[in-house]
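Please look at the sequence and the model before going on.

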Amino acid sequence: MGEHFERFLETGFFTRRAAIAAGISDAMLRRSARHGQIARIARGVYVVAGTSPPPGPATVALGWRVVVSYQSAVAWWDADLIAPLERLHVTAPRNRGRRLADAGDGVRLHRADLKPGDVCLVRGVPVTSPLRTALDVSRSASLEEAVAIVDGLFRRGLLTVEEFRAAAAAVPPAPGRHRIQLVAALVDPASESVLESLARVLLWRRRLRPPYTQFVVRSRGRFVARVDFAWPALRLALECDGFEFHSGRATFRRDRRRWTALARAGWRVVVVTWADVVSDPDYVAGTVAEMLSAA
């Protein structure tokens with residue numbers, strides 16, 4: 001193998017554009033291909049001899065000229081998912097005949113004619129834009145997953161609620177339009193975690209949706225606490241207690257003192273965990289309903 005291609009050993013593949021940027025001419029590419037140092041696997045995409053890159057997002061997207069999309073785009077944008085990905089989602093034009101058979105069983109192929117603004121180049125890989133990703137996921141995923149993902153895109157600063165709601169309102173009549181607009185009605189840019197998003201959808205489904213999120217409680221004009229969900233007229237708060245936020249004893253103690261401060265201010269606090277929301281939604285809904293009826 002020529003020294004020109006050593007820089008591409010880590011990934012195993014490279015594009016013509018990357019080669020040109022590295023000072024490798026088209027003539028050198030053709031000569032190296034004839035000598036078996038590299039192999040052309042698609043138009044403008046080459047693999048270094050002796051390497052066998054796994055069918056990861058970059059390999060599939062560049063080798064098969066598709067776009068990383070749906071939940072895989074969420075991961076590539078480094079936003080939150082509710083569960084690890086089991087398959088790589090990619091999108092190809094509707095008129096493409098290739099079935100991605102060689103990419104393996106772990107690839108889910110979607111068909112769509114993406115507009116130029118729907119695709120971004122992220123770390124050298126074509127990925128659906130945050131807005132397009134949000135619309136795709138909202139149309140196809142469960143309501144809980146879609147709301148959590150779009151909230152996460154807000155949290156990462158990749159998308160604004162105004163942009164998403166405007167795009168949702170502009171979706172033409174077609175399958176999935178109602179779901180997208182429902183997600184737009186339920187998302188919350190103030191959401192601080194996936195658990196909060198899941199709890200919000202759960203409460204909405206049970207007709208228990210709180211009037212406020214991330215509500216600041218004050219007593220006699222002084223700050224007491226900020227709570228995840230609040231019914232101020234009833235002095236009732238719901239807190240989502242995720243294990244990931246208790247990285248040490250100091251955080252654990254601070255939360256307990258905050259809940260004590262709320263109790264001293266005359267507030268009742270319901271605390272739910274990930275297991276409660278995901279595995280026992282009846283417990284969550286029943287507890288909140290009981291607290292609301294007792295007020």
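This is a predicted model: local features need pLDDT of at least 70, side-chain atom pairs count only at pLDDT 80 or more; totals for chains, interfaces and linings use all residues.

Q: What share of the residues in the protein is buried, and what does buried mean here?
A: A residue is called buried when its relative accessible area is under 20%, and residues of this kind make up 45% of the 295 residues in the protein. The chain is arranged in 12 helices and 12 strands.

Q: Why is Ser138 called buried?
A: Ser138, which has its place in helix 5, has a relative accessible area of 0%, and the cut-off for buried is under 20%, so Ser138 is buried. Leaving aside its neighbours within four places in sequence, Ser138 is in contact with Ala146, Val150, Phe164, Arg179, Ile180 and Val183.

Q: How do you know that the span of helix 6 is close to the expected one?
A: Helix 6, residues 143-155, reaches 18 Å from its first C-alpha to its last, and the expected span, taken as 1.5 Å times one less than the number of residues, is also given as 18 Å for its 13 residues. The reach of helix 6 is therefore close to what is expected. Just after helix 6, Gly157 takes a positive phi of about 75 degrees.

Q: Which residues lie nearest the centre of the second largest pocket, and what makes a residue part of its lining?
A: A residue counts as lining when it has an atom within 4 Å of a point of the pocket, and 23 residues line the second largest pocket, of which Asp118, Arg132, Leu135, Asp136 and Arg139 lie nearest its centre. Strand 6 (107-111), helix 5 (130-140) and helix 8 (177-186) each supply at least two residues of this lining, and the space in the pocket is about 470 Å³.

Q: How many residues of the lining of the second largest pocket are nonpolar, polar and charged?
A: By class, this lining has 11 nonpolar, 2 polar and 10 charged residues.

Technical notes:
Residues are numbered from 1 along each chain as its sequence is written. Side-chain values use heavy atoms; hydrogens and water are left out. On a 1 Å grid over the protein atoms alone, a cavity is a set of points where a 1.4 Å probe fits but cannot get out, and a pocket is an open set with protein on both sides within 12 Å along at least five of seven lines; lining residues have an atom within 4 Å of a point. Grid points are joined across faces, edges and corners, and a volume is the space filled by probe spheres set on the points. Helices (H or I, at least four residues) and strands (E, at least two) are DSSP runs, numbered from the N terminus. Ala, Val, Leu, Ile, Met, Phe, Trp, Tyr, Cys and Pro count as nonpolar, Asp, Glu, Lys and Arg as charged, and the others, Gly among them, as polar. Buried means under 20% relative accessible area, exposed over 50%, partly exposed in between (1.4 Å probe, protein chains only). Contact means heavy atoms within 4.5 Å.
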